Amino acid sequence: MKRIFIVVLASLFIAVLNNYASAFDFASFDPAGDSLEHLKETVPDLEIHGFFKNRTDLDLHGKDDDVGLGHINKTWECQMIEWDASIEFRYRISDHLELINEDHFLYDSLYDWDHGADFPDDVEDRLKYYNSTKQILRELYVNITYDNWFFKLGKQQVVWGKMDGKCIDVINPGDYRESVNMGQDDYEWRRIPLWMSNITYFWSDYYFQFIWIPDFEPSQSPQRGSVWWYPSLSASMPYSINKKNKPSTAFKDNEFALRFNMVKNGWDTSFIYFYTWDDFPTLFKKANGFDPLTGDPEYSYEQEHTRLHQFGFNIDKGNWFLNRNWVWRIEFLYTLNDYISTADTSKSKGVVKRNCLKSISSIETSWMHGEISTLFQFAWKYQPGYDSSFKSLGCRMKRFDPTLSLSVSKQWYNDRLKLTAIFYSRPGEGSWKFKDTISWTFSDYVSAQIRYTGYSGPDDDIYGMYSKWDNLGVEFTYRF
Amino acid sequence: MFIKLIRNLLGKFVVTGTLFMILYPLPCNCAQWINPKLLVRDPAIVRLQQGRTALTEREKQDIHKYGYTGLELMTYADSNMRPDKSWDKFVRAAIVSPGGHIKYFEWLNKDKYYYKDFRSLLNYDGIRPGDVMKKFTGIYLEPPERRYRGYLYYMYLTSMEKHQKDKEGWAWVHSLRRYRRSPTTPKSDHWLASVLTYDDYLLRRPWEEKHIIIGRGNHKGNKCLIIESRNILDPDYYLSKRVSWVEEQNYLTLHEEQFAENGKICLITDKSWDQVKPGNYWVITEWNSVNPVTGERIVLMYSDFRLNQGLKDGEFLPAYMGKEHIWKRPEKPMPPIKYVSELPPVPVRDIEFRDKLQRDN
């Protein structure tokens with residue numbers, strides 16, 4: 001497998017070097033586009049776009065046994081051989097009415113091609129390909145523009161945050177199958193769209209947004225036993241869950257969100273409120289008497305989504321300093337009634353209810369005629385009412401949990417070659433993650449990238465636990 | 001019976017009349033293009049802008065010889081870059097790398113101006129330096145990687161004293177489904193990774209340079225005055241000088257040559273203009289630039305202009321980009337440009353004038 005991967009990588013490298021001399025004309029390679037031109041002439045108000053992509057991540061450590069606190073057996077050589085295809089239809093019914101549908105197809109050939117890999121059946125069932133209409137029909141909505149009003153009705157994704165990472169980006173749940181390996185660009189396809197009414201009213205320098213979500217989908221953590229399952233936890237289930245509750249579609253169980261925004265004197269400010277369900281279920285422990293033989297207490301577990309109130313705020317501004325423009329941004333999110341897992345045996349349900357404060361701030365600028373961009377970001381989570389018994393992913397939780405990141409990117413050859421390096425550090429834990437990406441644009445339609453991602457730190461930290469998951473990725477994309 | 005008939009007819013008339021009023025497009029009350037020299041009335045406002053109190057000797061000579069100062073001509077030419085109160089247009093751009101690789105862009109753009117007329121920018125009538133002068137926004141249609149990406153800029157009125165904060169911008173990225181403020185780049189940065197800088201395309205103001213008229217010339221049959229301009233704002237400016245061919249009757253810049261810090265030519269530009277109805281405002285229809293040293297090019301083609309639509313302020317809010325609304329389609333859709341042969345001829349240097357100038361000197 002490694003040999004095949006290296007051959008692919010070498011071919012890509014040679015293709016890049018020989019781009020101009022190559023007999024294959026990348027500049028005009030657009031088979032779908034040529035066909036769509038004819039369709040465009042026939043139905044001028046219909047736009048069809050899409051992409052086809054392959055993403056392959058090679059595990060640089062390969063197979064290994066007894067890794068991490070969860071004693072994981074790594075049986076795979078590749079972490080992903082994912083084939084993605086998307087097709088988007090936009091039909092303009094009138095100047096004020098547009099119908100949009102986006103379908104997404106996914107097949108991870110890791111489960112067929114990496115013969116040595118051994119995964120539980122339910123992992124393959126869930127992660128190998130999209131097999132339900134719910135997954136394939138990614139977005140379907142109408143845009144209605146009327147005077148100062150904008151209505152977006154249907155299945156969609158709404159993004160409120162502006163940071164690399166999530167703070168006030170709370171509306172849609174996510175498919176976190178790749179855990180911390182997920183990059184900012186992956187959210188588009190890993191965010192789970194919901195059926196909702198999204199209404200915005202614009203006036204002067206302000207807008208007000210109201211969202212009503214009758215649909216509910218939980219977020220998907222990495223599947224137990226899959227490549228990116230948390231190495232701090234055992235790959236086999238230590239207990240059984242007796243009951244899984246999910247909010248109903250009844251009006252009382254719907255989610256509601258409000259946002260007010262204004263842009264005054266260059267200050268872009270928003271206030272948000274979200275009456276929601278926790279996208280990650282809470283595991284409630286229930287005492288079921290005592291074992292007649294050992295006398296130990298017996299428990300059953302119930303999984304339930306709980307109600308949350310979320311209040312948020314964000315502000316950003318650009319300032320001139322040292323002869324360049326610096327953009328700074330801050331986001332805060334205060335969550336009420338969150339449940340936290342605890343090792344304190346006096347808590348009968350194994351959880352405690354607490355509020356939580358989260359924030360991300362960043363500063364960004366560009367250098368050398370705009371060719372180098374830098375972004376520094378400081379993210380933290382503060383746990384009021386903290387207790388040392390609080391747990392997260394089987395590890396001890398921190399009262400104040402900061403993460404720093406620095407992203408640097410540079411472009412060459414009319415932006416065709418791009419190098420991006422992102423370094424994340426968790427100062428309290430001595431752990432880090434590093435992602436380095438080189439991308440090359442062959443034409444307006446074809447691009448490729450090579451990516452290295454490395455992790456380091458102690459086994460009980462979110463980056464450190466993946467220190468044997470360093471990977472080298474290759475990605476090809478054709479857009480039309 | 002008769003009364004009933006009258007009532008029916010009247011009712012129908014009221015209904016038809018109401019429908020007619022709603023559906024029939026109102027006659028346009030657009031303003032008309034006015035020759036900037038006539039609009040300004042007193043040329044001293046243009047000649048002595050930015051607090052200047054007296055003309056230089058050279059300017060006095062230029063007035064004597066040509067009837068204008070260089071600054072005056074360049075200010076008139078600059079005023080033609082911003083027609084009417086608001087407008088929208090389609091833009092097609094082909095950027096050619098030295099190796100002949102074409103990057104093709106297509107976008108829809110709309111502009112709104114926040115001042116009375118071009119004269120008010122000189123005498124600060126209703127607008128002061130630091131105030132928003134213009135807002136513009138748009139949505140990309142090509143290339144696929146940029147499709148539905150939105151941009152929004154607020155441009156501020158700058159002056160000799162207040163010139164650093166010239167713009168701020170936001171971008172909507174379709175793939176991320178979010179808008180974000182982007183750091184604005186210095187004026188000398190390349191716009192769209194092309195041979196043009198932000199200064200060339202958007203930011204350069206006439207008073208930032210010292211202008212002298214260096215002669216009369218002809219560009220593609222149009223009589224022009226030729227002006228040499230040198231930046232006075234930044235001692236490390238990336239150009240040593242620019243030379244512009246400004247058409248004499250309507251003050252349209254038809255041709256421009258730029259010279260790098262080492263004095264060698266680094267950019268040649270041809271611009272084509274047309275008058276659009278209603279209002280007969282002048283607009284650029286083609287902007288064709290080349291770096292003669294590297295062969296890098298950009299060709300911008302503008303079409304489907306619509307003037308004075310009374311655009312609302314709300315349309316220039318960052319979140320508005322999230323609508324990804326393509327508010328109009330081109331009248332004559334054209335396929336993307338893939339080959340250099342599909343582009344107009346490369347602009348060339350005006351050798352005749354250069355030789356004449358060398359002879360005169």
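Strands, in the sense used here, are DSSP runs of E at least two residues long, numbered from the N terminus. By that convention, T282(A) belongs to strand β13 of chain A, which covers residues 282-290. The model is a predicted one, and the whole prediction scores ipTM 0.86 and pTM 0.88.

T282(A) counts as partly exposed because it has 18 C-beta neighbours inside 10 Å, whereas a buried residue would need 20 or more. Beyond its neighbours within four places in sequence, T282(A) is in contact with E304(A), T306(A), Y339(A) and V351(A). D436(A), by contrast, is 154 residues away from T282(A) in sequence, and the two C-alpha atoms are 35 Å apart in space.

The strand that holds T282(A) is paired with a partner: β13(A) and β14(A), the latter made up of residues 297-304, run antiparallel and are joined by seven bridges. One of the residues placed by this pairing is L283(A), whose bridge partner in β14(A) is Q303(A). The two strands form a hairpin with six residues between them, and in the turn G295(A) has a positive phi of about 80°.

Turning to chain B, its secondary structure comprises eight helices and 13 strands, and its C-alpha atoms fill a box of roughly 95 × 50 × 40 Å along the principal axes. Of the 361 residues in chain B, 40% are buried. When contacts in chain B between residues at least 6 apart in sequence are considered, 56% of them join residues at least 24 apart.

Confidence should be kept in view while reading this chain. The mean pLDDT of chain B is 89, with 91% of its residues reaching 70 or more. Residues 18-29 of chain B, however, stay under 50 in pLDDT, and for them the model has one contact beyond four places in sequence. Where pLDDT is low, the predicted coordinates should not be read in detail.

Within chain B, helix α5, residues 70-79, is mostly covered, since nine of its 10 residues are buried. Among the buried residues of α5(B) are L71(B), L73(B), M74(B), Y76(B) and A77(B), and also E72(B) and T75(B).

Which residues of the largest nonpolar core touch the most other members? In this core of 25 residues, they are A94(B) and I298(B). The elements of chain B that give two or more residues to the core are β1 (86-96), β2, β3 (132-142), β11 (265-276), β12 (281-290) and β13 (297-307), and β1(B) has the largest share, with five residues. As for A94(B), its contacts beyond four places in sequence are I102(B), Y104(B), V299(B), I337(B) and L343(B). In soluble globular proteins, nonpolar side chains tend to be buried together.

The last step is to the place where the two chains meet. Here 40 residues of chain B are in contact with 45 residues of chain A. On the side of chain B that touches chain A, β2 (102-113) and β6 (178-182) each supply at least two residues, and β6(B) gives the most, with four. By residue class, this side of chain B divides into 15 nonpolar, 12 polar and 13 charged residues.

Key: Residues numbered from 1 in each chain as written. Chains lettered and ligands numbered in written order. Contact = placed C-beta atoms within 7 Å. Nonpolar A, V, L, I, M, F, W, Y, C, P; charged D, E, K, R; others polar. Buried ≥ 20, exposed ≤ 12 C-beta atoms within 10 Å, placed from the backbone. Core = buried A, V, L, I, M, F, W, Y, C linked by C-beta atoms within 7 Å. Pairing = 2+ DSSP bridges. pLDDT = per-residue confidence, 0-100.
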